[in-house]
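Please read the sequence and the structure together with the walk-through that follows.

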Amino acid sequence: NGKRHLLLVQDYIEGETYHTLCNQRLKAGKRFSEAEILQLLRQLLPVLEYIHSMGVIHRDISPDNIILRNTDQLPVLIDFGSIKEVENKAHSQLIEAIADPEGLSLSGTVIGKRGYAPPEQMNQGIVCAHSDLYALAATAVALLTGKQPHQLIDPQSYQWRWQERVSLSPKLQWLLATMLSPKPSDRFSSATEVINLLQKMSILPTPAKQTAPAATVGQSVNRRPPARK
């Protein structure tokens with residue numbers, strides 16, 4: 001009939017979800033460390049960079065949807081059943097949205113886990129590249145604190161209250177807090193921007209060359225990390 005359809009083929013990934021791993025840590029009186037969260041960011045940000053460059057937004061990132069694969073101990077993002085796929089005619093609009101989050105938002109069905117998805121996604125179905133960045137930061141905070149988002153978010157202001165529960169470097173604390181800003185325009189605009197900031201702040205080593213093509217979108221904004229101490 002000439003219509004385009006999106007087909008998903010997913011591999012079986014043998015391993016444990018980060019939700020299960022977090023619960024195992026909590027039972028042993030432990031939580032994820034800053035070093036582990038930095039490694040998780042380093043490994044998953046290029047994945048987001050790639051799928052966003054292809055016009056895809058995951059919309060449902062959470063500890064349930066990340067598996068630590070047994071074969072190589074790498075995190076694998078799963079459950080792409082909730083993705084927002086943009087047709088070719090709208091692909092250029094997604095590029096503009098990544099570069100200028102205030103200029104365009106993509107509306108659709110409300111999908112996502114409350115607390116992990118940003119307010120505008122849950123309330124209005126509006127998604128953009130920074131929607132996935134918000135969810136990734138929410139996942140990181142949940143793993144660091146051992147708490148669910150609803151235990152850390154002010155239901156009126158949507159502000160996160162988590163910093164006093166963990167001891168982090170000021171740089172990482174600032175990075176996660178920016179990714180979790182209730183106002184979309186206060187967040188980073190793309191995974192590329194976050195990767196570049198991490199490299200400039202020397203929090204993470206320069207990642208190895210990815211097999212997937214690097215994204216060519218994203219626009220740096222005038223945000224400064226905390227001063228070195």
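Does tyrosine 158 count as buried, partly exposed or exposed, and why? Tyrosine 158 counts as partly exposed, because its relative accessibility is 30%. The cut-offs used here are under 20% for buried and over 50% for exposed. This residue is found in the loop between H5 and helix H6 (170-179). The model is a predicted one, and the values below are computed from it.

With a relative accessibility of 48%, glutamine 73 counts as partly exposed.

Now the overall layout. The protein contains seven helices and seven strands. Read from the N terminus, the order of elements is β-α-α-β-β-β-β-α-β-α-β-α-α-α. The protein has 229 residues, and 47% of them are buried. Taking contacts between residues at least 6 apart in sequence, 65% join residues at least 24 apart.

The axes of H2 and H5 come within 11 Å and cross at roughly 160°. Angles over 145 degrees count as roughly antiparallel, so H2 is roughly antiparallel to H5. The crossing of this pair is right-handed. On the H2 side, the contact is formed by Glu34, Ile37, Leu40, Leu41, Leu44, Leu45, Leu48, Ile51 and His52, and on the H5 side by Ala129, Asp132, Leu133, Leu136, Ala140, Leu143 and Leu144. Sorted by class, the contact of H2 with H5 comprises 13 nonpolar residues, one polar residue and two charged residues.

H2 also packs against helix H7 (residues 191-200), at an angle of about 150° and with the axes 8 Å apart. The crossing of H2 and H7 is left-handed. Here Leu45, Pro46, Leu48 and Glu49 of H2 meet Ala191, Thr192, Val194, Ile195 and Leu198 of H7. The classes in the contact of H2 with H7 are seven nonpolar, one polar and one charged.

Two buried loop positions remain. Cysteine 128 lies in the loop between strand E7 (126-127) and H5. With a relative accessible area of 1%, cysteine 128 is buried.

Histidine 58 sits in the loop between strand E2 (56-57) and strand E3 (66-69). Is histidine 58 buried or exposed? Histidine 58 is buried, because its relative accessible area is 0%. A polar atom of the histidine 58 side chain lies 2.9 Å from the backbone oxygen of isoleucine 78.

Definitions and conventions. Residues numbered from 1 in each chain as written. Predicted model: local features only at pLDDT ≥ 70, side-chain atom pairs only at ≥ 80, totals over all residues. Heavy atoms only, no water. Axes fitted to C-alpha atoms, helices over the stretch in contact; angles between N-to-C directions. Helix = DSSP H or I, 4+ residues; strand = E, 2+ residues; numbered from the N terminus. Parallel < 35°, antiparallel > 145°, perpendicular 65-115°, else oblique. Left-handed = near helix turned anticlockwise from the far one by under 90°. Contact = heavy atoms within 4.5 Å. Nonpolar A, V, L, I, M, F, W, Y, C, P; charged D, E, K, R; others polar. Buried < 20%, exposed > 50% of the residue type's maximum accessible area, 1.4 Å probe, protein only. Polar contact = N/O pair within 3.5 Å; in protein donor to acceptor, adjacent residues only side chain to side chain.
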